[in-house]
Amino acid sequence: MMKHIKSILLICSLISAPVLVQAHCGACCAGHEKHGKDIVETAVAAGSFNTLAAALQAAGLVDTLKGEGPFTVFAPTDEAFAKLPAGTVEDLLKPENKDKLVAVLTYHVVAGKVKAKDVVELTSATSVQGSDIDIKVMGGSVYVDNAKVIKTDIKASNGVIHVIDSVILP
């Protein structure tokens, strides 16, 4: 079952990725200077956030994260989503669970641009979802809730992405 869902997610992300990039750049770049990729385009281009991209699409949050921002996104990799208990991702992607999916995804987003050098000075940050995310430094690594930050300061035109190794839940 999980293998089947992963195939569906991959197909969704392959279909939506070019559309997302074209819709954004075609709509706003005419007549003015090109800019860097936004958070969604950056995540899609990285290739390790297919599940996140599919979840953002299902939750209707693509346009939000393509917005002006700035945003800081703690982005779980495909491997992070795979760590969730069996059936969790599939359940969250069901239309009847859209509110729950939106809550989980917006818990990964903080308003403003918070770079790694700033994150290490914080003990918490308020997510767009409304709950606080705990931040701690242990053994030279930064953790948001219980997820380890594995890559920092990936620049996007409307914010910054920090890659985490687990999905965090509100």
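The backbone oxygen of Val 104 lies 2.8 Å from a polar atom of the side chain of His 108. Such a pair is a polar contact, defined as N or O atoms within 3.5 Å; within protein, one must be able to donate a hydrogen and the other to accept it, and residues adjacent in sequence count only if both atoms are side-chain atoms. The structure is a predicted model, in which local features need pLDDT of at least 70 and side-chain atom pairs count only at pLDDT 80 or more, while totals for chains, interfaces and linings use all residues. Residues are numbered from 1 along each chain as its sequence is written, and side-chain values use heavy atoms, with hydrogens and water left out.

**Two loop residues**

His 108 is located in the loop between α7 (98-106) and β2 (109-111). Helices (H or I, at least four residues) and strands (E, at least two) are DSSP runs, numbered from the N terminus. With a relative accessibility of 3%, His 108 counts as buried. Buried means under 20% relative accessible area, exposed means over 50%, and partly exposed lies in between (1.4 Å probe, protein chains only). Leaving aside neighbours within four places in sequence, His 108 is in contact (heavy atoms within 4.5 Å) with Thr 72, Val 73, Phe 74, Pro 76, Ile 164, Val 167 and Ile 168. The C-alpha atoms of His 108 and Leu 169 are separated by 8.4 Å, although these residues are 61 residues apart along the chain.

Asn 97 occupies the loop between α6 (88-92) and α7. Asn 97 is also buried, with a relative accessible area of 15%. A polar atom of its side chain lies 2.6 Å from the backbone oxygen of Asp 91. Not counting residues up to four places away in sequence, Asn 97 touches Asp 91 and Leu 92.

Helix α3 (residues 50-59) is largely enclosed by the rest of the structure, because seven of its ten residues are buried. These are Thr 51, Leu 52, Ala 53, Ala 54, Ala 55, Leu 56 and Ala 59. After α3 comes Gly 60, whose phi is positive, near 75°.

In α7, Leu 101, Val 104, Leu 105 and Thr 106 are buried. An α-helix has 3.6 residues a turn, so residues three or four places apart point the same way. The cover over the buried residues of α7 includes α3, α6 and β2.

**The sheet**

Seven strands form an open sheet in the order β2-β1-β7-β6-β5-β4-β3, with mixed pairing. The edge strands are β2 and β3 (124-126), each of which pairs on one side only. Neighbouring strands of this sheet are turned by 30° against each other on average, direction ignored. Two strands pair if DSSP finds at least two bridges between them. Strands of a sheet pair through backbone hydrogen bonds, either parallel or antiparallel.

| Strand pair | Bridges | Direction |
|---|---|---|
| β1 and β2 | three | antiparallel |
| β1 and β7 (residues 159-164) | six | parallel |
| β6 (residues 147-156) and β7 | five | antiparallel |

Strand β1 (residues 71-76) is mostly covered, as six of its six residues are buried. Phe 71, Val 73 and Ala 75 point one way from β1, and Thr 72, Phe 74 and Pro 76 point the other way. Val 73 stands opposite Val 109 in β2, and Thr 72 stands opposite Val 160 in β7. In β7, Gly 159 is the bridge partner of Ala 156.

Conventions
Axes are lines fitted to C-alpha atoms, for helices over the stretch in contact, and angles run from 0 to 180 degrees between N-to-C directions.
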